[in-house]
Amino acid sequence: TVAQLGYLFLVFPLLTSAPAAAWSGGMYHLLSHALAKAALFLAAGAMVHALGDDRLDVLAGIGQKMPVTFTAFGIAALNLVGLPPSGGFIGKWLLLTASMTSGQWWWAVVMAAGSLLAAGYVLLVLRTAFLQPGADPLPQQPPLLMTAGALTLALIALALGLWAEVPLALLGAAAPGAPN
C-alpha cells in the first residue's frame, strides 16, 4: 500500500507542467488501487478463513482448491502491477506520460521499479498457490459472499482499464485548469 500510494505523491511535482495527465493519472490510480487492494484483502481473508492460517507456505497448492478466490487475486494483482488491460495500467500510463512530457523522466524509472516490486510480491503468492504441491484438503470453504465480493471488486478494477473513456472524461473535467 505504501508503494502504491507513493504514485499519488507523484501528482504534485507533475502538476506544474502536465496538470491534466498528472491529475487524471493520480486519481485513476487511486480508484483502481482502492478496488484492487480491497479485492486482495477479501481474497486473503477467504484464504485465512479456509486455512485458518496466514503464512505463505500454507498456501501451497491452494490455487486449484479455491479457483474463484485466486482468479480474483490474480486480476487484482494484474491491476497493482499495472499491466494492461487493467485500470492500474491506465493510471500508471497517464502518470508516465505526465513525467515524460514534463521532462521529469526519473519519475518513470521510479514507477517502473515500483511495478517490478509489486510483481515480485504478488507473483510469489501466485507461484506458491499454483506451482507448489499441496496435499491437504481445505478445512472449510470460505463464504460465497466473501469470494464473490473479491471477484466483483477485481473485475471492476479490470473494467476501469477496458472501458476508461467515461471515467477519464469525468476526471478531465475535474482536472486543475479545466474549463468550467
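Entry 1, ground rules. I am working from a predicted model, in which local features need pLDDT of at least 70 and side-chain atom pairs count only at pLDDT 80 or more, while totals for chains, interfaces and linings use all residues. Residues are numbered from 1 along each chain as its sequence is written, and side-chain values use heavy atoms, with hydrogens and water left out.

I found Ala-150 in helix α8, residues 144–162 (helices are DSSP runs of H or I, at least four residues, numbered from the N terminus). Ala-150 counts as buried, because its relative accessibility is 1% (buried means under 20% relative accessible area, exposed over 50%, partly exposed in between, with a 1.4 Å probe and protein chains only). Leaving out residues up to four places away in sequence, Ala-150 touches Ala-39, Leu-42, Ala-43 and Ala-72 (contact means heavy atoms within 4.5 Å).

I looked up the largest nonpolar core, which has 37 residues, and Ile-62, Met-66, Phe-70 and Phe-73 touch the most other members (a core is a set of buried Ala, Val, Leu, Ile, Met, Phe, Trp, Tyr and Cys residues joined through side-chain atoms within 4.5 Å). The largest share of this core, 10 residues, comes from α3.

My search of the whole structure gave two salt bridges (a side-chain nitrogen of Lys or Arg within 4 Å of a carboxyl oxygen of Asp or Glu). Arg-55 pairs with Asp-53 at 2.8 Å between the closest N and O atoms, and with Asp-57 at 3.3 Å, N to O. Shared partners join Asp-53, Arg-55 and Asp-57 into one network.

Key: Helix = DSSP H or I, 4+ residues; strand = E, 2+ residues; numbered from the N terminus.
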